[in-house]
Amino acid sequence: MADTLETQLPRGRGGRVWQSIFRSGLGDTNLRRALAIQQNLFLHLASVKVRKRSLSFRVTWFLGTLSLGTFAILVVTGVPLMLYYHPSVPQAYSDMNDLRFVVSAGLFLRNLHRWSAHSMVLLVFAHMFKVFYRGAYRPPREFNWVIGVVLLLLTLFLSYTGYLLPWDQLAFWAITVGSNLISAMPIVGARIRFLILGGNGVNANALLRFYVLHCVILPLAAVAFVAIHFWRIRKDGGLYHGGSERHE
Amino acid sequence: MKISGKMASFFNFLLGDSARAFGALSVALVALLAVVPAADFLRDWRGYQKRYLRLVRGRSDATSLTRRFQPGLQQIWMPELGVVDRCPTCHSALREASLGDVKDQPFRPHPPIPHSVTGFGCVMCHRGQGAATTVEEAHRSTKSWEDPILPARYLESSCGQCHMERLTGTPLLNQGRQTLARYGCVRCHVIKSPDGVAMTGTDDPPSLAHIGAKTTREWIAAWLKNPQAYASSATMPNFQLPDDDIRDLSAFLIAQSTPYLASREAAPKVPTDDRALKNGASLFGESFCSSCHAIQNAAGMLVGGNLGPELTRIGSKAKPEWLADWLRDPRVYDPDTQMPHYRLDAQQRGLLMAFLGNKTDPDFLGNRHFDPPTSVQIDHGRALVNERGCAACHEINGVKKADNFAPELTLVGSRPLAKILFAPGVAHTLPDYIAAKIRQPRSFSTSLKMPQYTLAPEQVEALVTALLAQTERAQKMPTALRIPPRRASDYHAAGQAGRLMEDLRCFSCHTINGRGGDMAPDLTWEGTAVTRPWLVNFLKNPNTLRPALIRRMPKFNLTDAEADTLADYIMTVYQTPAFDRDSIDSSRFTRADAEHGKELFYGKYACQSCHIVDPDKDKGYIGPTLTQTGARLNAAWVFHWLKNAESLRPGTLEPVWKSSDEDARALSAFLVAQKIAPQTEPAKK
């Protein structure tokens, strides 16, 4: 038995199984280390080389990473929440009550989702301010700044659509006010409102629409834009670390 | 920089390198994995279930109680009613009658009710948030739930969500609904029963179209100032009008009044001597006017019924010529009145007028005197009539009844607290709000139109109960669960007898075929019950049947022909299809039957607790006196009455004996042997 394990299983990195998955083998040379990053679907979004200084807290306050972290928490808690939730009237509110009163750790799941969502909005804003005031939006990173703005909007839409799902008074009136703001736009306002709500009022259609947006369309869009965002960091010369890059 | 430096070193300490980061996150995860299930395990309800098991342990039936106990979350789920009630999770002993001595909640067993305790869930009757599993959320009003537990004294309101008929178990609800109709609430407020039918008033407000012929402007003004000062039992509320408004309203009401078709007959001579007053009083008593009309006695107590208006101060109100016409035939003035057409001769009318005209109260009218009204005052009076909604109740010439004069109250029992403006000092609950609004409407705002009612505290409680039954849940209840009220039929008797019955207003007191009042017995099967000679005699000269009652059949002074017509009709038409009137021949009863019946009467059935057969010995005052049963009732009726009275006259006080044929036969034999000739003079009380 021990003999088979010896031959079949990798002994740490560089074993046969390891190699079949990661292709590049041990990162014993700079080339191989670079390949380990570049040839991995997930890691290839990141830069092959990073300045040690730009990884310190001082440079980024980890705001981008923390935003990604809250997004991950939201996905992980959101999926189990979907198991307990029907986007229908008035079942939605009862489902929320059930999460609160009878589902094991349901309240914890819901609160974690809720507070992560709030933190994510906060972190994304902080991230934008940090990038703006440090001037990290300047060429060659101007396109990634635009992607970042798109991601901010997606975050806000996710937050807004999620707000309706508990189907309580707060949700109902928040969305009523919000959608009325939209209809204040000249010419197209009323049409856009109709499109978003699936009708002229906040009702079952709006709930279903917001549910699909919140759980499918917006998260997928966010994942796609996050991927582009990361990939562009690498392509635009890595993390901005201050100072004069051109001369380094 | 300093703070960011500190934060930087903190983050470096936690996440500085991959080993630290892994370690810190692992510690956080372990902590979470410990805290979350622990919090889940330490929920309130688990504690209550443990306490219940401890409580049960020391009891004699501990084994069976423990076996029946179900651990974990318990719920009553009825999707068609929208019920998800988790109350039994903590209230573990709802169905354990043996825990009757336990007084601590949540372990008190549910008191016995006509429904299965858990058959409709808990929230249906008690309100509260059934889905919740914490004490606070389940019972009280919170931000996420506005419908707290209903205080126990209003609990009958919940029965009213399905039951629209009168239930014996819900006196407060019945009284409340009756009060809504009786005090004219439903004339301004639309209140729809769950079956969509709006409640109607039973207060019969008088038409004011000919008010000038009936009374004076001074009386109208004094009445408007305070109706209860005229008659403490008056149902008209006090509109708290300023004196100028009263002056203008009375001016308008007199101005709009048209003459009615007054009789051209000269008014009877009204004697004024003391003997006439005394004779008038005894005629008032003999005619049993007090069955419907109350008069305050010397001690200030109201004596008499409430079907008609109180007459304590009638002499200050009615003009003599109007009163003369009214006593001759009330329908000339008011075609829809409930008052019967008494056949009084001129002398009798004179006596009654003397008696009634003497019922004055100079303090009530005071020294009011009005100058002839100006057209400005009359116009202002008309505007006031419209503004105050007088036409919602009264017919007034040239003023149309306003629709939706006051807010609809069909869903008032579900009104969200967030939409209520509470007056200072009112507790923030729905029952307290409704009660405060009924007690003193103007305390919410002096500009409100709702008048001030004079209601006893239990009347307010009854009204609140009836209004709390007007819930959204009641409107959405499955039709199969709704129990509709008995709606009045529009039955009319036919022919000459029918006209006579309308003239005598039999239906004001008696119910026949679903139409009529509940003051006197249902006469639907009367022809089967009584013998013709007795009936003719009774119609001409009603004597006392039930000694305990003040309200009795009035003496209408019918002619022989009229009494015969009515008796013929009743004997022919009002026959039950259940059995034949002549199916038992009383002449075939033997003395032994009657003797056996007597034993049963005083022994097994103890009938003497409610009835009198031997006036010297028996003390029963609840039911009719039976001394003349043989002359009054048919043997077959007595026999079937003893078997099942309820099937013959629903709602009767007589218990359903379900006695055997032998017992019923023996008792019938004993009772029909009671044949004291009916008294010819009305019994003195």
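pLDDT is the predictor's confidence in each residue, from 0 to 100. The model described here is predicted. It scores ipTM 0.73 and pTM 0.81. For chain B, the mean pLDDT is 86, and 97% of the residues reach 70 or more. Within chain B, confidence is lowest in α1(B), with a mean of 76. It is highest in helix α20 (residues 457–468) of chain B, at 95. Over residues 678–685 of chain B, pLDDT stays under 50. The model has 14 contacts beyond four places in sequence for that stretch.

The two chains touch. In the interface, 13 residues of chain B are in contact with 12 residues of chain A. On the chain B side, α1 (2–15) and α2 (18–41) each supply at least two residues. This side of chain B comprises 8 nonpolar, 3 polar and 2 charged residues.

Chain A is assigned domain 1 (2–40) and domain 2 (54–235). The C-alpha centres of these domains of chain A lie 39 Å apart.

A helix pair was examined in chain B. The axes of helix α26 (residues 591–602) and helix α29 (residues 661–672) of chain B come within 7 Å. They cross at roughly 100 degrees. Angles of 65 to 115 degrees count as roughly perpendicular, and α26(B) and α29(B) are therefore roughly perpendicular to each other. From α26(B), the contact includes B:Asp593, B:His596, B:Lys598 and B:Phe601. Among their counterparts in α29(B) are B:Asp663, B:Arg665, B:Leu667 and B:Phe670. By class, the residues of this contact divide into 7 nonpolar, 2 polar and 4 charged.

Methods: Residues are numbered from 1 along each chain as its sequence is written. Chains are lettered from A and ligands numbered from 1 in the order in which they are written. This is a predicted model: local features need pLDDT of at least 70, side-chain atom pairs count only at pLDDT 80 or more; totals for chains, interfaces and linings use all residues. Two residues are in contact if their C-beta atoms, placed from the backbone, lie within 7 Å. Helices (H or I, at least four residues) and strands (E, at least two) are DSSP runs, numbered from the N terminus. Ala, Val, Leu, Ile, Met, Phe, Trp, Tyr, Cys and Pro count as nonpolar, Asp, Glu, Lys and Arg as charged, and the others, Gly among them, as polar. Domain bounds come from an automatic or database domain assignment. Axes are lines fitted to C-alpha atoms, for helices over the stretch in contact, and angles run from 0 to 180 degrees between N-to-C directions. Angles under 35 degrees count as roughly parallel, over 145 as roughly antiparallel, 65 to 115 as roughly perpendicular and the rest as oblique.
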